[in-house]
Amino acid sequence: MRHPQIPVAVLLALLVPSAQAGQPATPAAMAAYADRLLDEQKIARDGPGVTVLVARGDQLLYKGARGMASIELGVPMQPDQLMRIGSVTKQFAAAALLRQIDDGKAALEDPLSKFLPDYPNGGRITLRQLLNHTSGVRSYTGLPGYMRNPIRRDLGTAELIKEFKDQPVDFAPGEKWAYNNSGYVLVGAVVEAISGKSWHQAIDELLLKPAQVSSVHFQAGDKLFKGMAQGYTLNGEREVAPAGLLSMTQPHAAGALIANTEGLWRWNLALHGGKLISPSSYQGMTTPEGVAKANHYGFGIGTGVLRGHPMLSHGGGIHGFTSLLSYLPQSLTTVVVLRNSDGPGFAMDLVSRKLAAFAIGEPFVDRKPVAVPAEQLKAAEGLYAREDKQTRTLRLKDGVLLSQRMGAAPAALVPIGDNRFAFPASLSELQLERSADGQVVALRLFNNGENDAERWVRSGELPPELVFIALSAEQKQALVGDYSSPRFAIKVFIDAQGRLQGQAPGQPAFELMASTPRRAHVPQVGAQLDFGAEEGRPASVTLTQGGNQLVMARN
């Protein structure tokens, strides 16, 4: 007699111990769930890898790894592998400056000029504005062409500041919020001015040694670090390739640290456990204020919500690596996810959120697709608008309802019943609102699976779908070139397969799809490029994305 076959997904679900709502996960349940979650990500055994850690206070719930630490040498990833953590570094730099403030050596309202007298307009920029990205200083990583060859040079702090100090400001100090790497280079410079030591030596002495954290380091170019993973990216053909080159002197206090999951867990315990900075400094670090409040940003740490619980987190992206460090203060839960690739293919935020929710005993329920007649999906087609004038379209294509927000890529919605739809590789859901006669009049968007929803009102008929055309070799060649503005740059080129490609500094290349000989699109990110109307080589290109326009001149 043949045994009935159980689908693999169902079998795995049966084998995973459940965590009841409100009952924190045991280590055994956490390990089984984490392994299943990583299996679902289909991480290639011979590709870039990830390391994951979940803990509750000082209790380790799970630590694991997948993929390769070195593809070239065939070295599997281990849980304690060191990786670059990119902008997660910012909270270390912020805490170091706050510690100096606690010691009476500075104040949040001190002007930058007190520590860097020669910095332009430094008398109007405060330390608080550097910490919460409201200084208006131009970010050097956004300077045209900077992320290509210039980022490879070894520079001291003063030399690095010289690269951006005379650039026009983006706005007056305190007027707006804009994520800014230059601001944290200046934070590092202030830490150095106060301590008389390098920013990373100060972090080591003020924070890491007292907290007994031994696996967080500055990646000095003349030192070896045992257990350091190799970093990877995608090349123009979307193949795995070695990460681009950069000098680790340049990320500076904005992103130059390396760590493993254990070190970041120990860091969370010390920082959030009140062992490193005063209660008032910690309150400022974790409480957004002023124009930073709308962007949920404190000092080097972002604020959010998971299953109704406050969550503190920060991600990092740097040549060859991505990272995400999260902390739920009510349950003392830490989740660390590190990856040795800066390319797509791993849903880091989704994995981190699911792990955290399971750890606190409030797991996200697996959503099951249901069949919905095409005519019902067709009735939802249209243009929807939010209060802030952002728009979104719903379009039925090949039997699938697509949601596309202005300036973003289309997402294939999965029907899950009761007029609700799930977004792929996401916890977000969309629910249609119908009038008494059954007409779709609005939609409600539940971001990250939370209960609070955005309401988008149906505001018009569906705009026509783009139709792409094939360009001749001569038409493609006319568009080739380097285009830049003070805020952004893009290189347009023809790849080995004859495809027209666009590539921003430090990002993978994307194929440009033409709708006219002088207009191209990047559907993956909802971007449109309009090249000059003049014949021959255009003098400029206009980038339109998310309702914003940016003109870039040909270099």
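The model discussed here is predicted.

Q: Between which strands does Lys 389 lie?
A: The hairpin in question has 5 residues between its strands, and Lys 389 takes a positive phi there. The loop that holds Lys 389 is the one between S14 and S15.

Q: Is Lys 389 buried or exposed?
A: A residue counts as exposed when its relative accessible area is over 50%. Lys 389 has a relative accessibility of 67%, and therefore it counts as exposed.

Q: What is the phi of Asp 398 in the turn of the S15 and S16 hairpin?
A: Asp 398 is placed in the loop between S15 and S16, a hairpin with 2 residues between the strands. Its relative accessibility is 76%, so Asp 398 counts as exposed. Although Asp 398 is not a glycine, its phi is positive, at about 55 degrees.

Q: How many residues of strand S15 are buried?
A: Strand S15 covers residues 391–397 and is described as mostly covered. Buried means under 20% relative accessible area. Of the 7 residues in S15, the number that are buried is 5.

Q: How many bridges join S15 to strand S16?
A: S15 and S16 (residues 400–405) run antiparallel. Within this pairing, Lys 397 stands opposite Val 400 in S16. The number of bridges joining S15 to S16 is 6.

Q: Which residue of S15 is the bridge partner of Leu 383?
A: Strand S14 (residues 382–385) and S15 run antiparallel and are joined by 4 bridges. In S15, the partner of Leu 383 is Thr 393.

Q: Which strands stand at the edges of the open sheet?
A: The sheet has 9 strands in the order S17-S16-S15-S14-S22-S21-S20-S19-S18, with antiparallel pairing. An edge strand has a single partner strand, so one side of it is left without a neighbour in the sheet. The strands in this position are S17 (411–412) and S18 (414–417).

Q: Which residue of S19 does Gly 417 stand opposite?
A: S18 runs antiparallel to strand S19 (residues 420–422), and 3 bridges join them. In S19, the residue opposite Gly 417 is Arg 420.

Q: Is Gln 250 buried or exposed?
A: Gln 250 is found in the loop between strand S8 (240–242) and helix H8 (252–255). Leaving aside residues up to four places away in sequence, Gln 250 touches several others, among them Tyr 140, Pro 150 and Arg 152. Because its relative accessibility is 0%, Gln 250 counts as buried.

Q: Which elements give two or more residues to the lining of the largest cavity?
A: The search of the whole structure finds 1 cavity of 30 Å³ or more. Its lining residues include Asn 268, Ser 313 and Tyr 327. The elements that give two or more residues to this lining are helix H9 (261–272), strand S11 (309–318) and strand S12 (321–328).

Q: Over which residues is the pLDDT below 50?
A: The chain averages a pLDDT of 92, and 96% of the residues score at least 70. Where pLDDT is low, the predicted coordinates should not be read in detail. The stretch with pLDDT below 50 is residues 1–20.

Key
Residues numbered from 1 in each chain as written. Predicted model: local features only at pLDDT ≥ 70, side-chain atom pairs only at ≥ 80, totals over all residues. Heavy atoms only, no water. 1 Å grid on protein atoms, 1.4 Å probe; cavity = no way out; pocket = protein on both sides within 12 Å on 5 of 7 lines; lining within 4 Å. Points joined across faces, edges and corners; volume = space filled by probe spheres on them. Buried < 20%, exposed > 50% of the residue type's maximum accessible area, 1.4 Å probe, protein only. Pairing = 2+ DSSP bridges. pLDDT = per-residue confidence, 0-100. Contact = heavy atoms within 4.5 Å.
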